[in-house]
Amino acid sequence: MSQWLNQVIDRASSRMASGDDWLNPVRSNALHQLQTQAWPGRRTEAWRYTSLHPVEALAGRAANESVNVSIDSDSFAVPGLDSVDILFVNGELRTELAQLDVPAGVHISLLSAPGDAARTVVGQVFTQVKPERHLFGLVNDVMATEGLIVDVDAGVKVTRAIRVINLVTDGTESHNRVLVRVGDEAEVTVIEHGAGSAASMNTAFAEYQLGTKAKLEHYRFALHGGDAIHIGGSHFKMGESSNLNSTLVGYGSQLSRLDVDIEHAAEHAYAKFNNIYLLAENEHFDLHSTIEHAMPNGTTEENARGIVGDNAKAVFNGRIHIHRDAQKTLAELNNRNLLLSRRGQINTKPELEIYADDVQCAHGATVAEIDDEALYYMLTRGISRSKALVMLNFGFIQELVEQMPNEALRNWLQPQLRERFVNMEVK
Amino acid sequence: MIHIKDLRASIEGKEILKGLNLDIKPGEVHAIMGPNGAGKSTLGYVLSGRDGYEVEGGSVEFKGQDLLDMEVEDRAQAGLFLAFQYPVEIPGVSNMEFMKESVNAIRLARGEEALSATDFLKKAKAACQQVDLPLAFLKRGVNEGFSGGEKKRNEIMQMILLEPSLCILDESDSGLDVDALQVVANGVNSQRDGKRSFIVVTHYQRLLDYIEPDYVHILADGKIVKSGDASLAKEVEKTGYAWLGAKAEEADA
């Protein structure tokens with residue numbers, strides 16, 4: 001047990017004892033789990049390549065108050081994006097929800113003050129999608145006093161994206177929560193946009209419940225860096241014939257860990273999950289994805305591509321679990337990495353666990369260096385070495401960027417990724 | 001244009017070029033023929049500056065500069081172009097983006113302004129049409145999934161766009177049917193303007209029916225063993241390379 005976690009438990013216990021938080025019954029279950037779970041060490045498989053020392057070192061330190069922190073709205077502006085933006089700074093809501101132009105059939109409310117309908121959503125989604133094994137998910141269960149609830153009515157096709165922006169500033173500790181219910185045959189785009197490189201600790205968990213034939217376009221941008229500690233997850237429960245198209249882009253930081261779970265809880269669901277991570281300097285990024293095929297006729301396509309330069313360290317663990325009844329499952333998992341430096345590190349582990357006998361599955365992982373022949377070819381065309389390397393790097397992930405359905409997001413992301421490559425030196 | 005003097009080069013300790021001499025003036029087309037393993041491709045790689053090709057001796061002066069002392073990209077910017085025998089596939093980098101970057105790098109090096117996106121597109125479309133490549137190829141990854149013939153035409157397309165001073169064509173005819181061969185040859189001939197020079201490396205005389213050389217050299221065992229005019233190529237076609245002796249027939253480089 002770490003001192004930091006003890007403090008979390010103490011703070012949560014005293015708050016729950018004194019307050020009248022309507023979620024206390026659910027939170028106390030999470031609290032109980034936290035009290036009994038062991039603090040992960042290097043021997044804990046799920047944390048084998050990710051040290052929690054940066055979190056342990058937070059123990060005893062008082063977090064800064066985030067009152068009156070000024071925020072540069074250009075830092076998260078996406079030109080041309082048609083979206084409803086909800087901004088949280090250090091876990092505190094900065095957007096006047098009543099002022100938002102919310103599309104018809106979409107209901108946005110807060111965890112701290114939900115209406116009756118939202119309470120129903122919370123009852124169905126909060127801690128109902130995210131598996132209990134995620135330690136920091138439990139921390140978030142007890143600590144996230146505020147959160148966003150998005151409810152999309154059945155049959156509604158929403159063209160404007162819903163974007164939740166989570167910013168963190170220096171010396172703060174914060175916890176963000178997002179709960180989304182996509183009604184039967186509804187269609188919506190949700191963007192989780194996290195940023196901030198200052199020394200800080202943030203957990204951000206989101207749970208998504210997809211109804212029958214519901215369609216969710218999902219993005220998670222974890223554009224952190226520096227001394228930020230960012231631990232979170234996006235978790236999805238797929239309804240019958242539902243469709244998920246998710247893209248996750250991570251930059252890494254002192255400690256970045258994301259868990260993605262996709263549960264095929266009904267038949268004929270389709271899930272596409274693309275993941276891009278670009279790490280430089282001393283950054284660390286750890287993605288664990290778990291796809292549970294519990295029912296027959298589900299499809300999953302997962303593609304992860306990472307580029308690791310300097311002293312950076314990437315961890316990828318992709319697990320596909322096909323239960324005995326999940327016949328006719330189609331599942332593919334592929335992880336490709338480009339290692340730009342001898343001091344960089346990539347730990348990749350694709351796992352397939354299959355208990356059904358009539359399925360089509362494939363998985364693979366590669367780690368490669370820059371293709372010398374391609375580099376030489378570009379040099380013979382007069383392109384400078386540094387420019388050629390940027391183009392080759394970008395080419396490696398471009399395919400996944402191009403698969404992002406939203407054009408404004410693509411146009412916003414591409415120059416940023418290029419800029420990041422320019423700063424990555426190949427050794 | 002280029003003066004190659006007593007050039008000796010090796011790869012992994014094995015000497016491939018063993019004292020090669022060649023002088024090319026502006027506007028001239030020189031064909032280099034020879035058996036497999038003679039060092040034909042090595043010449044292109046050494047002149048372009050490929051890693052792993054060690055220059056052991058000799059000198060190369062290109063437009064008054066010491067070519068062997070220059071970086072690969074600087075050679076290209078100075079006007080040297082190598083059309084690859086096996087063009088490289090670069091998935092994820094579009095042909096368009098690749099060529100725009102390349103054209104502008106070379107234009108800037110020549111003291112010209114970078115082309116605007118519209119002007120570049122105009123030129124690229126024209127070059128595509130000239131080598132009979134569908135415009136859709138500009139959007140595809142560089143050489144990605146191209147057939148052998150399409151790759152060769154893509155090389156010529158690049159040559160047209162880059163307007164180099166010296167073009168080295170490394171077996172640009174290999175693997176082509178007669179129609180594709182003609183397209184490649186027409187592309188090359190369209191660039192003959194009395195100033196631009198060419199080194200046409202080929203195993204067969206066939207290409208030289210379409211691109212008429214001013215000089216033909218036979219390269220064997222790392223040296224030029226015979227030089228002549230276009231008629232030398234016809235002679236080779238009749239007699240093969242057997243007269244060079246058994247040694248040069250070793251196809252191992």
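**Two chains and what joins them**

Tutor: To start, 18 residues of chain A are in contact with 30 residues of chain B, where contact means heavy atoms within 4.5 Å. This is a predicted model, in which local features need pLDDT of at least 70 and side-chain atom pairs count only at pLDDT 80 or more, while totals for chains, interfaces and linings use all residues. Residues are numbered from 1 along each chain as its sequence is written, chains are lettered from A and ligands numbered from 1 in the order written, and side-chain values use heavy atoms, leaving out hydrogens and water.

Student: What makes Glu97(B) and Arg418(A) a salt bridge?

Tutor: The rule asks for a side-chain nitrogen of Lys or Arg within 4 Å of a carboxyl oxygen of Asp or Glu. Between the side chains of Glu97(B) and Arg418(A), the N to O distance is 3.2 Å, so they pass. Across the interface of chain A and chain B, the rule finds four salt bridges.

Student: How do you know that Glu173(A) and Arg11(A) form one too?

Tutor: Their closest N and O atoms are 3.7 Å apart, so the pair meets the cut-off. Glu173(A) sits in strand S6 of chain A and Arg11(A) in helix H1 of chain A, so the pair ties together parts 162 residues apart in sequence. Helices (H or I, at least four residues) and strands (E, at least two) are DSSP runs, numbered from the N terminus.

Student: Why is Glu173(A) called partly exposed?

Tutor: Buried means under 20% relative accessible area, exposed over 50%, and partly exposed is in between (1.4 Å probe, protein chains only). Glu173(A) has 22%, so it is partly exposed. Arg11(A), at 40%, counts as partly exposed as well.

Student: Why is chain B called as compact as a globular protein of its length?

Tutor: Its radius of gyration, taken over C-alpha atoms, is set against the globule rule, 2.2 Å times the number of residues to the power 0.38. Chain B has 18 Å, close to the 18 Å the rule gives for 253 residues, so the description holds. Buried residues make up 53% of those 253 residues.
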